[in-house]
Amino acid sequence: MIERDSAVPGRAITPAQRTDALREVNRGRSRLAFLWEWTKIFQISVLLFLVVRTFFVEAFKIPSGSMERTLLVGDFLLVNKLVYGAEVPFTTRRLPAIQTPQRGDVIVFEWPEDHSKNFVKRLVGMPGDTLSMRDGVLRRNGRALPEQYVNRSDPGGDAGDDQFRWQRDFLTVTAAAAAPFPPSRNNWGPLVVPERNYFVLGDNRDNSLDSRYWGFVPDSLVKGRPMVIYYSYAPDSAQRLAWLTRIRWQRLGERVQ
């Protein structure tokens with residue numbers, strides 16, 4: 001019987017073929033490595049974006065004229081969320097605040113009547129403050145405030161509304177004991193701001209849905225303080241590319257005060 005020799009030598013491979021084979025193997029590995037590296041970079045970038053947006057800075061757009069002349073329709077803001085202590089997602093806890101909101105601060109907060117909407121207004125009343133308005137002049141703790149930032153687009157009007165009647169529960173003892181007072185846009189109070197709440201007004205006093213209408217802002221709803229206008233344009237319904245052709249260059253980089 002003749003047995004077949006299993007150790008038959010294989011076909012010889014030239015150096016050039018070996019080089020080509022190694023290059024092909026390395027090429028496949030390099031493609032996978034490249035894709036994996038970019039996947040990691042993308043994941044890290046998304047994570048960093050979410051962390052920054054949640055705890056540090058968030059962008060907001062101004063959709064209405066309630067803060068004219070300080071903020072205009074079409075302004076885009078960067079809001080510092082860390083300064084007042086950002087909220088930890090899915091909890092009721094907040095990070096330690098760098099400082100507490102102060103009178104005169106422009107703040108961003110969740111609207112108490114609909115938490116899905118964000119408002120930006122000026123804080124004019126702290127807990128314990130007594131506020132009133134007479135003929136459009138704001139008074140705090142008995143003193144009239146010189147508010148240079150206020151814009152009056154309709155100084156002659158003073159409409160009353162049932163929405164103002166919530167104020168009756170917060171009137172001072174003297175005011176509550178007086179004759180029934182029908183509060184209006186430019187005449188209301190005096191009322192006292194309760195603990196852990198703020199009173200806010202729009203700088204455009206004649207065209208602002210603010211605390212006069214729906215009440216106080218709980219401190220837990222404050223999200224941050226606008227820092228800077230990073231982009232701004234004048235909206236124009238007749239121009240589709242107004243965001244490119246009507247840029248307000250002079251407002252870019254302007255600090256919000």
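Five bridges join strand 1 to strand 2 (residues 75–80), and the two strands run antiparallel; strands pair if DSSP finds at least two bridges between them. Helices (H or I, at least four residues) and strands (E, at least two) are DSSP runs, numbered from the N terminus. The model is predicted: local features need pLDDT of at least 70, side-chain atom pairs count only at pLDDT 80 or more, and totals for chains, interfaces and linings use all residues. Residues are numbered from 1 along each chain as its sequence is written, and side-chain values use heavy atoms, with hydrogens and water left out.

Within this pairing, Ala59 stands opposite Leu78 of strand 2. Buried denotes under 20% relative accessible area, exposed over 50%, and partly exposed in between (1.4 Å probe, protein chains only).

Aromatic contacts come next. The whole structure contains 14 aromatic pairs. Rings of Phe, Tyr and Trp (its six-membered ring) pair if their centres lie within 6.5 Å; planes under 30 degrees apart count as stacked, over 60 as edge-to-face and the rest as tilted. The ring centres of Phe76 and Tyr230 are 6.0 Å apart and their planes stand at 65°, so this pair is edge-to-face. It links distant parts of the chain, with Phe76 in strand 2 and Tyr230 in strand 11 (residues 222–232), 154 residues apart. Phe76 is buried at 17% relative accessibility, while Tyr230, at 38%, is partly exposed.

Phe199 and Phe216 also form an edge-to-face pair, 5.9 Å centre to centre with 65° between the planes. Phe199 belongs to strand 9 and Phe216 to the loop between helix 3 (211–214) and strand 10 (217–218), 17 residues apart. Phe199 is buried at 0% relative accessibility, and Phe216 is buried at 8%. Together with Trp166, Phe170 and Trp188, Phe199 and Phe216 form one aromatic cluster.

Strand 9 (residues 197–201) also holds Asn197, which is buried with a relative accessible area of 15%. Its side chain reaches the backbone oxygen of Glu195 at 2.8 Å. Leaving aside neighbours within four places in sequence, Asn197 is in contact (heavy atoms within 4.5 Å) with Gly125, Met126, Pro127, Phe216, Val217, Pro218 and Asp219.

Key:
A polar contact is a pair of N or O atoms within 3.5 Å; within protein, one must be able to donate a hydrogen and the other to accept it, and residues adjacent in sequence count only if both atoms are side-chain atoms.
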